[in-house]
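Q: Can we go through the strands and helices of this one? Start with whatever terms we need.

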Amino acid sequence: AEGTHATQDGLLRIRSQLPFTLFFAQGGLLDAKSALTLLGELVVPEAALAQLHKVLWTESPASQVITVASRAAYVCKPLQPGQLLLLSPPEHPQLAARFLSALTPNFVWGHLGDLHPQALTQQQRLATLLGRPLRLLLPECLPQLASRYGQPLPPATHWSAAELTADLQLALAPLLAAQCWLEQEALALFVRDQLSAT
């Protein structure tokens, strides 16, 4: 019917210590500072994201934007200065992509997700959607975490170096050598701002 539009009902969750304002296509402004201060995050419905025109920074812009695949890792990950976190589950990559398209392009993008061959395929799809190279947020202590919390890959799944860039082969070497994988929740408390391929 005329005037009726189908829409999904996804929600984008955003954490940051940097104040910003959302500028919408119809001219409306939403100051995110109070929500970020009082609630610790800003939640934006998918229908509103479709109308988002620009993200205006009140002070300095974010230097690093990190998409996080799971709610637990998103909530637990400590925020670093200049960082903005987006909850971006694999089933809704378009929400983070829409928000990132409204940012000025001078930021570094990284992703925090499971370090598993199948998860890496999904993360590569997100990178393609964003038009950016895939950079993973990794802890310096990855070898120790792989040794302590690494889980064996199922029999039909394995790491293949041929399917990874040289940078990712180097970054994920402890997992490739042991043919194991790590849940992102095991990484969330240890990662800071170290990105693969940087």
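A: Two strands pair if DSSP finds at least two bridges between them. Helices (H or I, at least four residues) and strands (E, at least two) are DSSP runs, numbered from the N terminus. This is a predicted model, where local features need pLDDT of at least 70, side-chain atom pairs count only at pLDDT 80 or more, and totals for chains, interfaces and linings use all residues. Residues are numbered from 1 along each chain as its sequence is written, and side-chain values use heavy atoms, with hydrogens and water left out.

Q: In what order do the 3 strands of the open sheet come?
A: The order is β3-β2-β5, with antiparallel pairing.

Q: Which are the edge strands?
A: β3 (29–31) and β5 (52–57), each of which pairs on one side only. Ignoring direction, neighbouring strands of this sheet are turned by 20 degrees against each other on average; axes are lines fitted to C-alpha atoms, for helices over the stretch in contact, and angles run from 0 to 180 degrees between N-to-C directions.

Q: How many bridges join β2 to β3?
A: There are 3 between β2 (residues 20–24) and β3. F23 has L29 in β3 as its bridge partner.

Q: What do β6, α3 and β7 make?
A: With helix α3 (residues 71–76), they make a right-handed β-α-β unit. Right-handed here means that, with the strands pointing away from the viewer, the path from the first strand over the helix to the second runs clockwise.

Q: How many residues of β7 are buried?
A: 5 of 5, over residues 83–87. Buried is under 20% relative accessible area, exposed over 50%, partly exposed in between (1.4 Å probe, protein chains only). Q83, L85 and L87 are buried on one side of β7, and L84 and L86 on the other.

Q: Now α6. Which residues of α6 are buried?
A: L142, L145 and A146, in a helix spanning residues 142–149. Seen down the axis of α6, its buried residues fall within an arc of 100 degrees, so they line one face; the arc is that of the directions from the helix axis to the C-beta atoms.

Q: And which exposed residues are on the face turned away?
A: Q144, S147 and R148.

Q: What do the buried residues of α6 pack against?
A: α7 (166–171), α8 (173–178) and β10 (180–181), with contact meaning heavy atoms within 4.5 Å.
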